[in-house]
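Welcome, and please open your viewer. We will go from stop to stop, selecting one thing at a time.

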Amino acid sequence: MKTRKRLWLDIGKPGSLFTNFEYIQDHAVGLLMTILKNAGIGISLASTRNVVLKRQLVRKFQNVDILIMSVLSFHYPFAVKCSKLFKKVNPGGIVIVGGLHVSVAIDEMIKVKEFDYICKGPGEKIICSLVTEPEKYPRVIEGNGEKSMAKWPFIDRTLWPKPALNLPGHKDVWPLEKYSIEQPPSVTILTSRVCPWQCSFCNESSFIPNMVRRPVEMVIEELNMVDKYFGPFNSVIIHDSNFFQNPAWLKEWIEKYPKLANRPWPYWAAARSDTIRKWPELFTQLVKKTNWRTVSLGLESGSEPILRILNKECTEEDNNFAIDLINDIGMEMAAKGQEPPRIYANIMLAIPGETKSDAKKTVAMINRIHRVRPSISYFAPYPGSILGYQLIAEGKSLMSESDYHRFPGKATLKGIDYDFYDQLLLTIPNYRTSHKIKSLAIKLVKHYFSKVLGAD
Ligand code: SF4
């Protein structure tokens with residue numbers, strides 16, 4: 001029997017990996033590609049992030065029998081276009097899809113006739129048989145994953161897509177990564193997958209099953225191994241939805257990371273303000289002893305009623321406590337000549353039920369943070385989240401299957417005064433530049449959709 005040619009298509013913002021300016025990689029792609037490689041299953045990889053012309057994609061699709069894609073909600077319209085293009089090039093080809101959007105919007109996936117096999121949930125334990133014998137499966141497949149992250153292999157980072165072009169003056173760091181918030185080269189890593197909270201705007205718990213955290217020593221061993229083969233690197237980005245959970249694990253991290261890591265690399269990791277308030281000592285030790293340089297904090301809103309609408313389970317007081325603590329630690333460390341921590345502030349505006357004074361309180365909260373990088377979204381009613389489902393059912397959503405963006409500058413909900421919010425954003429000093437960059441990015445993506453990939 002003829003060996004079938006398989007292609008994994010990494011889906012992301014078109015052209016965003018075309019140069020080596022800034023990029024981070026997708027751990028789902030890395031993990032599943034590593035599992036396939038370890039099982040001796042041949043597969044090649046292409047990325048929409050490092051092509052800019054339709055004909056480049058057509059070339060990648062030539063003579064491919066099976067196309068595999070992991071689809072996030074944000075990339076859903078793009079994945080549909082890619083599958084249609086693939087079928088045009090290979091009318092007898094097979095398309096296999098998985099990823100978050102399958103779990104949160106299965107109906108949207110099923111109605112795309114080009115998606116031949118649709119895998120719902122984690123795929124680690126079925127990926128090998130799915131890509132070698134897809135015909136054995138029904139069209140919609142229940143995935144199967146590991147119970148513990150200790151079972152995951154170390155990702156073979158050379159399987160990740162490489163920037164197509166090296167910009168002069170920008171060092172080629174692949175397979176290490178570059179992220180503007182941390183000093184490059186960076187390494188991204190996961191230590192945990194589960195977030196036990198149920199924020200009403202977030203669909204995380206609807207697609208990630210319970211999973212045991214990666215042992216501390218394994219995380220450090222993987223970082224040391226990346227350092228040995230591809231290093232040196234300057235920072236670590238811990239991609240967990242919520243790093244600051246499970247005190248026993250965190251205490252072990254405080255004890256072992258400074259001792260066992262080749263270097264105590266500064267890192268970026270996420271926390272919630274309620275747990276910072278619950279365990280301030282533990283948090284302070286982590287920042288001071290393990291080089292937790294950037295605290296990604298899900299503050300969302302500075303107003304109590306809005307935090308309740310979001311089911312954040314953090315109060316205004318929790319948010320203020322966390323900000324004050326980080327400001328204080330920062331002042332103390334700066335006075336000693338040490339690099340102080342900063343907050344990557346996750347903020348949401350244009351929330352249904354939010355008044356202008358609620359929104360102004362949120363902006364005042366951001367402006368109180370000493371060292372801040374605001375990451376601001378307008379509320380978007382994504383399928384899979386409780387609030388998203390409710391607003392879609394009430395007919396208030398302006399999002400469509402062909403447009404799942406949520407950056408400021410895009411109306412996603414009926415009855416919101418977006419002009420007010422656009423003006424309000426301009427009062428945040430640290431935000432103006434990144435806002436301009438994001439607006440430009442949206443325009444480029446829209447251009448790509450309409451002009452480069454063209455109509456169906
Ligand atoms: S927003 Fe953050 S804390 Fe809330 S459920 Fe999602 S991942 Fe968890």
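Select Asn63 in the loop between helix 2 (54-61) and strand 3 (66-70); helices (H or I, at least four residues) and strands (E, at least two) are DSSP runs, numbered from the N terminus. Asn63 is not a glycine, yet its phi is positive, about 60 degrees. Asn63 counts as exposed, because it has 9 C-beta neighbours inside 10 Å. The cut-offs, with C-beta atoms placed from the backbone, are 20 or more other C-beta atoms within 10 Å for buried, 12 or fewer for exposed, and partly exposed in between.

A word on what you are viewing: this is a predicted model, where local features need pLDDT of at least 70, side-chain atom pairs count only at pLDDT 80 or more, and totals for chains, interfaces and linings use all residues. Residues are numbered from 1 along each chain as its sequence is written.

Next, pick Asn311, in the loop between helix 11 (304-309) and helix 12 (316-335). Asn311 also has a positive phi, near 50 degrees, and is partly exposed, with 15 other C-beta atoms within 10 Å.

Now go to the loop between strand 6 (140-142) and strand 7 (186-189), where Pro175 lies. The peptide bond from Trp174 to Pro175 is cis, with omega near 5 degrees. Pro185 lies in the loop between strand 6 and strand 7, and a cis peptide bond with omega about -5 degrees joins Pro184 to Pro185. Most peptide bonds are trans.

Finally, zoom out and colour domain 1 (6-142) and domain 2 (176-452), bounds that come from an automatic or database domain assignment. Their C-alpha centres lie 27 Å apart.
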